[in-house]
Amino acid sequence: MFTRRTRGKSTPLSRMMAQLGHRLLCPPRVCEKSRARTNPSPEPLKARCFGRSSLDCDGRAAPAAGLGAPVRSRLGHRYSRVARSRAQDALFDYLHCTRSFSFSDAEYISKNSPIFVQDLLSSVNAEKDVAPAIERFLRYNPINEFEPFFESVGVRPSELQSLLPRNRMFLSDDHLMLENFQTLCNYGIPRNRIGKIFKEARDIFRCDIGVMPSRLEAYEDLGLSKSTVIKLVICCPTLLVGGIDLQFVEVLDKLKGLGVDINCIGEYLSDKKRYSWCRILDTIEFLEKANNGENQMGELFKRNPAFLFNGSGRKVYVVFGLLLKVGINVDEACVLFAENPFILSEKSLKNISKAVSFLIEIRVEMDLIANIVSNHMKLLAASSLKGPKTVCKELKVIRDCLALMIKEDPLKLFQLASKWRVGTLYQDPTKYIEKKTFLMRLGFVDNSEEMTKALKRFRGRGDQLQERFDCLVQAGLDFNLASKIVKQAPTVLNQKKDVIEKKIDCLVNRLGYPLEILVAFPAYLCYDMERIQKRISMYIWSRDRGAVKPMMSISSILACSDARFVRYFVDVHPEGAVMWESIKQSPHSG
């Protein structure tokens, strides 16, 4: 307005002064901002020059680094933690006080949009008076609120441009999106997962008010728990598009008919994968037809429902195709599949395929290959084999001789071609696979680093380890608690069964402690019996005379040094030293 009034009366001198003052007082960056304010647009920060700029030697403004700029330019200047914290507070004040966001929404967005805050700091280029500088900047430079919002819900900067709405800068302009966003949050879906939902099923954020809650309730009416529905929405957001997914309903009905708990499916879904309910339904129907309607598949689903959701059932067809290829009929394939559900793991499937290719390449008859696959499935799944050329070169034989050796003794396949090193496992692979199967029951993942370490730390055959583990369960421990104890202290199962039973009896019957304390101190079962008997005998003697507290931590009794034990459990009573010497000299303490 001021410029419009004086334009008609300007003289050459006044015009020169105005131009000079403009160059001195209003650098190009400010001019660009002024033009942006006169015509606000929903373009991202880069288009609004939301970043630092400086004059080069020619007096021109250097390009700003916004969200669309490379990460290298955005991270060119690192700000202190204090500066970032004050910038977050300033952004919170702007969203909450100026833009009337709720306290929780403003706080979450300001705390979970670090790249936006970094660009905000770059725009003001202030290290000390950060809050006032950002406050002044936001007063005259309205931001596109969708940018920090999308970043806070898990959208990466590289994905931002395709999600920004056109001709909108303020979240309040899209009331349907906000309403559906709040519905998902209130239902229990984490905010940082909503970005994934928005990318994969944007239509659900355009639902009319009241539609989203009814769709969520409809899935609960199918018998699903709220936690399962939350997991489903995160992993398969398209279930909320339109009405209820009828193919998903059919999958649930099939699982119910087979006696499978439908709420267990949430445990096997991953938000990093995509699922086709049509393919999963086809897989179930295929297995039902292959099994002639018998209930064996129901038992398989109960024991290992994960295979249905791993690749949406694709691996089932791969396994069946492989088994049929070597001459195994459908009924035998179903039996093998039910007895060995682990063959659906990626590593196992790879090993089996490689072994079959190995046998075919050295021209072993299909009947013998089918026999080896049927009788040695566990070994095939666990063994990683060398190539036929490598084995023939090492043994200095031709392929026909190698095939003849395997025909005479099929186990030679694993002894000659396996990548295992020479040792006990190499000599007897059956023991190895039994041990590995036991560890997989405890929850160790096949071919993982943890499995490799466990195979070294657990000593004994698979049946021996199982017997010792059963000893813990029979004593009264829940299977999951027993597994947790064994994972924390693997040497527990390196002892004989009778030793474990004696230690449990001492803990429960002599001390009167509940068995569950082993979860907090599993190392109790690892101490030698002599130490346990002597120290517990002394503790019971002192406890009965009121010299020590009852129900003291078992770790305090066993884990302390000898000097500390004498100080706190022996010297606390006048006759303690005499009693302690008596206990130590007794061959059978207590």
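Trainee: What percentage of the 590 residues in the protein is buried?
Mentor: Buried residues account for 44% of the 590. Buried means under 20% relative accessible area, exposed means over 50%, and partly exposed lies in between, using a 1.4 Å probe and protein chains only. Please note that this is a predicted model, in which local features need pLDDT of at least 70, side-chain atom pairs count only at pLDDT 80 or more, and totals for chains, interfaces and linings use all residues. Residues are numbered from 1 along each chain as its sequence is written, and side-chain values use heavy atoms, with hydrogens and water left out.

Trainee: How many helices and strands does the protein have?
Mentor: There are 37 helices and 0 strands. Both are DSSP runs numbered from the N terminus, a helix being H or I over at least four residues and a strand being E over at least two.

Trainee: And the contacts, what percentage joins residues at least 24 apart?
Mentor: The figure is 70%, taken among contacts between residues at least 6 apart in sequence. A contact means heavy atoms within 4.5 Å.

Trainee: Let us turn to helix packing. At what angle do α5 and α7 pack?
Mentor: Helix α5 (residues 81-98) packs against helix α7 (residues 114-124) at about 100 degrees, and the axes are 10 Å apart. The α5 helix is therefore roughly perpendicular to α7. The axes are lines fitted to C-alpha atoms, for helices over the stretch in contact, and the angles run from 0 to 180 degrees between N-to-C directions. Angles of 65 to 115 degrees count as roughly perpendicular, those under 35 as roughly parallel, those over 145 as roughly antiparallel, and the rest as oblique.

Trainee: Which residues make that contact?
Mentor: From α5 come Ala-83, Arg-84, Ala-87, Gln-88 and Leu-91, and from α7 come Phe-116, Val-117, Leu-120 and Leu-121. The residues of this contact divide into 7 nonpolar, 1 polar and 1 charged. Here Ala, Val, Leu, Ile, Met, Phe, Trp, Tyr, Cys and Pro count as nonpolar, Asp, Glu, Lys and Arg as charged, and the others, Gly among them, as polar.

Trainee: Is Gln-88 buried or exposed?
Mentor: Gln-88, a residue of helix α5, is buried, because its relative accessible area is 17%. Leaving aside neighbours within four places in sequence, Gln-88 is in contact with Ser-110, Lys-111 and Val-117.

Trainee: What does Trp-277 touch?
Mentor: Not counting residues up to four places away in sequence, Trp-277 touches Leu-232, Cys-236, Leu-239, Asp-245, Gln-247, Phe-248, Val-251 and Phe-309.

Trainee: Leu-232 belongs to the buried residues of α14. How many of the 10 residues in that helix are buried?
Mentor: In α14 (residues 226-235), 7 of the 10 are buried. These are Thr-228, Val-229, Ile-230, Leu-232, Val-233, Ile-234 and Cys-235.

Trainee: On to the cysteines: how many disulfides are there?
Mentor: The count is 0, where a disulfide is a pair of cysteine sulfur atoms within 2.5 Å. For Cys-401, the closest cysteine sulfur is that of Cys-392, at 8.7 Å, which is too far for a bond. Cys-401 counts as partly exposed because its relative accessibility is 37%, whereas Cys-264 is buried at 14%.

Trainee: What is the phi of Ser-100?
Mentor: It is near 65 degrees, a positive value in a residue other than glycine. Most residues other than glycine have a negative phi. Ser-100 lies in the loop between α5 and α6 (103-111) and counts as exposed, with 61% relative accessibility.

Trainee: And where is Arg-363 found?
Mentor: Arg-363 is in the loop between α21 (346-361) and α22 (366-375). Its phi is near 65 degrees, again a positive value, and Arg-363 is exposed at 53% relative accessibility.

Trainee: Last one: which helix holds Met-440?
Mentor: Met-440 is placed in α28 (residues 429-441) and is partly exposed at 30% relative accessibility. Met-440 and Met-451 are 11 residues apart in sequence, with 8.3 Å between their C-alpha atoms.
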